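Please look through the sequence and the model shown here before reading on.

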Amino acid sequence: MNSESISNLDSVLKSWFSTKEYAENIQYYSQSLSSYGEFFPLPEEISLELSSQLRKQGIEQLYSHQLASYQAIKQGKNVVITTGTASGKTLCYNLPILDHLIKSPSSRALYLFPTKALTHDQQEKIMELVTFNQPSESVGIQVCVYDGDTPTQKRQFIRQSARCLLTNPDMLHTAILPHHTLWESFFRGLDYVVIDEIHAYRGVFGSHVANVIRRLKRIAAFYGNNPRFILTSATIANPAEHGKAMTGEDLVVIDRDGAPHGKKTIILYNPPVVHAETGIRKSATSEVIHLAGNLLDKRIQVLIFGRSRRGVEMLLRQLREQQNDDPAKYHAYRSGYLAQDRRRIESDLRTGKLRAVAATNALELGIDIGGVDAVLMTGYPGSVSGLRQQAGRAGRKMADSVAVLVASGSPIDQYLMNHPEYLTDRSPESALIDPDHPVILLGHLECAAFELPFKENESFGTVNTELLQEYLQFMAQSGKVNLASGRYFWTDSAYPASSLSLRSSDSRSIALITNVNGNNQTIGEVDYLSSLWMVHPNAIYFHEGNSYFVQSLDLEKSEAILRAVDEDYYTEPVKKVTLVKINEQEAEYYPGSKTTFGEIQVTTEIVGYKKILWNSREIISIEPLALPPSTIRTTAYWISLSDEMVNVLRDQLIWKSDPNDYGPHWEQIRNAVRQRDQFRCQVCGSPESGKAHHVHHKNPLRNFQSKDEANRMENLITLCPNCHKMAESNVKIRSGLAGLGYTMGQLAPLFLMCDTSDLGTITDSASNIADGRPAVIIYDQINAGIGLSRKCFDMHEQIITSAYELVTKCACQDGCPSCVGPGGVNGTGGKKETIAILEKMCGK
């Protein structure tokens, strides 16, 4: 950033802090001082070729943590490097590895990156260090990327020649380890394994990758090798523990950051309340776009983070509309884009060609995007570690920068606005994995048996010989392996790695195809499960800020046909979730309630979709849809309210979760209303066709003291089922039970240190899971579970106490998105009832 840019940023910050429109929304801010860093000379023992190349790039010295990493790796230690974003972690491992490869021609190194984009970005950096006068001259070091985009005709050359191989865990899992005999020379020389961004390997994905590493070590040992591991990570609470869980090795932690950095301003910004009674705030999206405009007007480059793929496309669309200049200066960045498009966007952001980019957390990882002056985060990204990673994208070297977290109206965001110390004083989350999870482990044992026979006395990572024998015997009983001469040989005809996805329960992807100038062209792809809600028939799909109408989705052909449109609406899927209890494993009793931990079956269906107007967010229709259901067996924690509690609340006239009783004459009244309305929907005009329309109370029944008053003809209207759903969403009376579920579902991820999408939350006033009692059910959205709902069960009192504090301290009158969720336009919010339930559960 030049002096003009610094002056412009100072000007924007002064405006925000001094102008009431902005200043009253700033809940917290901090400013870190600039640091000139700690520097040391290049080690004298590094090869002449490498030191010469470093100096050509202007690298005459190392940061202190780069030198510490070099020394530890040269001493044969396994290390994990956890210094900040843009602190030069790449050189921490490139320097010792490339020096070793130059001096030892038979040596090999394997680099693992979580994404393709990061893989190609790092290849460029390595090539800069090993390529000299001509691009083809590289000291005998072939630096090769081996991923899904690698042409088939190049793969044999890479297998035979690669000395520095860059890939991702998925390719290692499916294309390298199962075919290790084709990589014999590589594995015989494998001295180093780099695993970059290990904080990305958490939960189910991380548990899978840890097992892939176990398989890698097993094959390396077969070829007589024991490689050293070099790991990098964003700041997490347990780098050594997590690194050991990933690799099975003890690691030296290098966390003292010696890189220089400029002054950074961190701001927590809470959009203003626009409706005091409901507590509804101005949307985080609109405030982010407004703040981005302030920065862009001063020629400050901006990176905007959104929570979802659709969210960043909407941010891009609104940003282009606001700025009203060349739309090519603004782009989105997310998964689903083609590789060449992502690399073009990265390059244009790095060179300054793009003024702003709206991105998902795909840009949290260490892709080189140059110096971004400002980062705006649209809502809490789901973890302290993710927040710091996104904020760390602002500022490079000694340049000043700003990072702003703009809160959404969700309880988790509002909790953080009222408790900034949670973000500033608390250590970041621990990265948690469970590589010994039975379902995950069994899949990788099958892959490992395919790769090499298991010996009877063998272990596998932390799985001891005795337990491993049980798994192998189970595999033998199912006909997948056969015990002969003390070894278990793979006998099944299946290729196990092809059916085991590391990232989701279904490894298929759907190509997105549209017609461009008379030719069909693939513009992107989505995974199978996401396709059911993102590109279902008649959906509006957003790509690079443009709208596409989905004409068809063919799951057998794995393709969706899109047509470019310019509609004034977008679509959202309508999901139906059905739960069935399998067992109860543990239970605890609290005042007026019971908590249970057990297993359930969850079936999810996309049963329809909403058409929503862009400008007003009005739902214009709800259309039916039939797509294949998905079913998982998982773990859950649920709270059921006792009959005594419900009776007390009912006596106090604050229980609103009972089903409606319309009175003994309802059928006659209903038919009279339909006849009066000529058997037509009074909103869309559709006539009845084989099935009676619904009759709807304009003002909800529960708002009246008597049924006669509620059932007056002027308060009743005939609606078709679709319009009735729309109307009910507007007049819904939010029960305290629903409010409790809303609050807990939002707060639980904060305490579990997981993403909100990792958990599902259901409220049911007569739940079959809880023997017909009112219940809130929170479950792992992962097949077989990963332990999140178990932690909920164990942390029940802390979650309930925090929920009570959040709801009672909220300034709204009767429920809002920041506490129990909003009530309908004509309904009540259920805040009083939610507080009453929480008071009794807390024993107050």
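## Val357 and the nonpolar cores

In this predicted model, Val357 touches a set of residues that lie beyond its neighbours within four places in sequence, namely Val302, Leu303, Ile304, His331, Ala332, Tyr333, Ile345, Leu349 and Leu363. Val357 also belongs to the largest nonpolar core, a group of 102 residues, and it is listed there among those with the most contacts inside the core, together with Trp16, Leu295, Ile304, Leu376, Val404 and Leu423. The largest share of this core, eight residues, is supplied by helix α25, which covers residues 736-752.

Another core lies apart from this one, and its 36 residues include Cys144, Phe186, Val212 and Tyr223.

Helix α4, made of residues 64-74, is mostly covered, since eight of its 11 residues are buried. The buried residues of α4 are Ser64, His65, Gln66, Leu67, Ser69, Tyr70, Ala72 and Ile73. Just after α4 comes Gly76, whose phi angle is positive, at about 85°.

Helix α21, residues 643-651, has Met645, Val646 and Leu649 among its residues, and these three are buried. When one looks down the axis of α21, its buried residues fall within an arc of 95°, and therefore they line one face of the helix. Glu644 and Asp651, by contrast, are exposed on the other side of α21. The elements that cover the buried residues of α21 include strand β30 (630-641), strand β34 (773-780) and helix α28 (831-841).

## Aromatic pairs

How many aromatic pairs does the count come to? The count comes to 15 aromatic pairs. One of them joins Tyr93 and Tyr111, whose ring centres are 5.5 Å apart and whose planes meet at 75°, so this pair is edge-to-face. Because Tyr93 lies in helix α5 (residues 89-103) and Tyr111 in strand β5 (residues 108-112), the pair ties together parts that are 18 residues apart in sequence. Tyr93 counts as buried because its relative accessibility is 1%, and Tyr111 counts as buried because its relative accessibility is 0%.

Tyr201 and Phe205 form an aromatic pair that is tilted, with 5.3 Å from centre to centre and 50° between the planes. Tyr201 is buried, having a relative accessible area of 0%, and Phe205 is buried as well, with a relative accessible area of 13%.

The ring of Tyr146 has the charged end of Arg155 sitting over it, 5.3 Å from the ring centre.

Elsewhere in the model, the charged end of Arg790 sits over the ring of Phe597, at 5.2 Å from the centre of that ring.

## A loop residue

Is Glu556 buried or exposed? Glu556 lies in the loop between strand β25 (546-554) and strand β26 (559-565), and because its relative accessibility is 80%, Glu556 counts as exposed. Although Glu556 and Ile510 are 46 residues apart in sequence, the distance between their C-alpha atoms in space is 9.7 Å.

Conventions. Residues numbered from 1 in each chain as written. Predicted model: local features only at pLDDT ≥ 70, side-chain atom pairs only at ≥ 80, totals over all residues. Heavy atoms only, no water. Helix = DSSP H or I, 4+ residues; strand = E, 2+ residues; numbered from the N terminus. Buried < 20%, exposed > 50% of the residue type's maximum accessible area, 1.4 Å probe, protein only. Core = buried A, V, L, I, M, F, W, Y, C linked by side-chain atoms within 4.5 Å. Contact = heavy atoms within 4.5 Å. Arc of directions from axis to C-beta. Phe/Tyr/Trp six-rings, centres within 6.5 Å; stacked < 30°, edge-to-face > 60°. Lys NZ or Arg CZ within 6 Å of the ring centre and 35° of its normal.
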